[in-house]
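Hi there,

I am passing the structure over to you below. Please have it open while you read the notes that follow.

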Amino acid sequence: MRTRHHTQYHTPRNLLLALVGEAGELSELFQWRPDSEAGPGLPGWSRQERTALEEELADVLLYLVRLSDVCGCDLGAAALSKLAKNAAKYPAERCRGSSAKYTAYGTEPGGGQRPQGGEGQGEEEGQRQGGKGQGQEGQRQDGTGQGQEGEATGAQ
Ligand SMILES: Nc1ccn([C@H]2C[C@H](O)[C@@H](COP(=O)(O)OP(=O)(O)OP(=O)(O)O)O2)c(=O)n1
C-alpha cells in the first residue's frame, strides 16, 4: 500500500466510500439469485463464484480495517466490547429462537429505563419487531443510535 503511494488517498471519507463500494460488489454476487442458491453453504455456486466471493469479502475487510486504523479506532477492542454488550442485551435464556430487537426484552443499556409496558404489551412489541418488515425497520432506527454508541466506546 505504502509502496503504491495509496496512503495519501486513504482519508476516512474515501475509505468509507471504498468500503461501501466493495460491499456493493459483494451484494452483486447475491443479486437476483434464486432462494435455493442463497442459503448456508451457497449451494450451486461454482468454484469461480466462490473465489470472487472471497475476494470481495477480503476487499470489505481490508477497507474496514484501514478505515478503523485511520480513524484511530482499536477495531479488535471495539468488537470485543460490542460482543459483551450484545450478550447483555440479548441474554440467551430470554431471546433464544427469536430475532426480535433487544428493546423487546427491556435489556437496553442504562438499566432498561424504557418501559416494558404492562402484561401483554411487551409481547406485542416483540412480535411486531420480530416480524419480517417491521423488525427490520426497528433495527434500522434503533441500530443507528446504538452503532454510534458502539463506535464511541471503540474509540476510547
Ligand atoms: N487506493 C486504493 C486502491 C485499492 N486498494 C486495495 C484495497 C482493496 O482490497 C483493493 C480494491 O481494488 P479495486 O479498487 O481495483 O477493486 P477490485 O479489486 O474490487 O476490482 P474491480 O473493481 O475491478 O472488481 O485494492 C487500496 O487499498 N487503496
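Which residue lies over the face of Trp 45? Arg 33 does, at 3.9 Å from the ring centre. A charge counts as over a ring if NZ of Lys or CZ of Arg is within 6 Å of the ring centre and within 35 degrees of the ring normal.

Before going further, a word on the model. It is predicted, so local features need pLDDT of at least 70 and side-chain atom pairs count only at pLDDT 80 or more, while totals for chains, interfaces and linings use all residues. Residues are numbered from 1 along each chain as its sequence is written, and side-chain values use heavy atoms, with hydrogens and water left out.

(Rings of Phe, Tyr and Trp, the last by its six-membered ring, pair if their centres lie within 6.5 Å; planes under 30 degrees apart are stacked, over 60 edge-to-face, and the rest tilted.) Both residues sit in the loop between helix H1 (12-28) and helix H2 (47-70), 15 residues apart. Trp 45 is buried, with a relative accessible area of 6%, whereas Phe 30 is partly exposed at 35%. Here buried means under 20% relative accessible area, exposed over 50%, and partly exposed in between, with a 1.4 Å probe and protein chains only.

As for the chain in general, there are six helices and zero strands. Helices (H or I, at least four residues) and strands (E, at least two) are DSSP runs, numbered from the N terminus. Of the 156 residues, 23% are buried.

Now to the ligand. His 6, His 10, Glu 22, Glu 25, Glu 56, Asp 59, Leu 62 and Tyr 63 surround the ligand, each with a heavy atom within 4 Å of it. H2 gives the most to this shell, with four residues, and H1 supplies at least two.

- His 10: an N or O atom of its side chain is 2.8 Å from a nitrogen atom of the ligand.
- Glu 25: a polar side-chain atom lies 3.0 Å from an oxygen atom of the ligand.
- Tyr 63: a polar side-chain atom lies 3.3 Å from a nitrogen atom of the ligand.

Best wishes

Definitions and conventions
A polar contact is a pair of N or O atoms within 3.5 Å; within protein, one must be able to donate a hydrogen and the other to accept it, and residues adjacent in sequence count only if both atoms are side-chain atoms.
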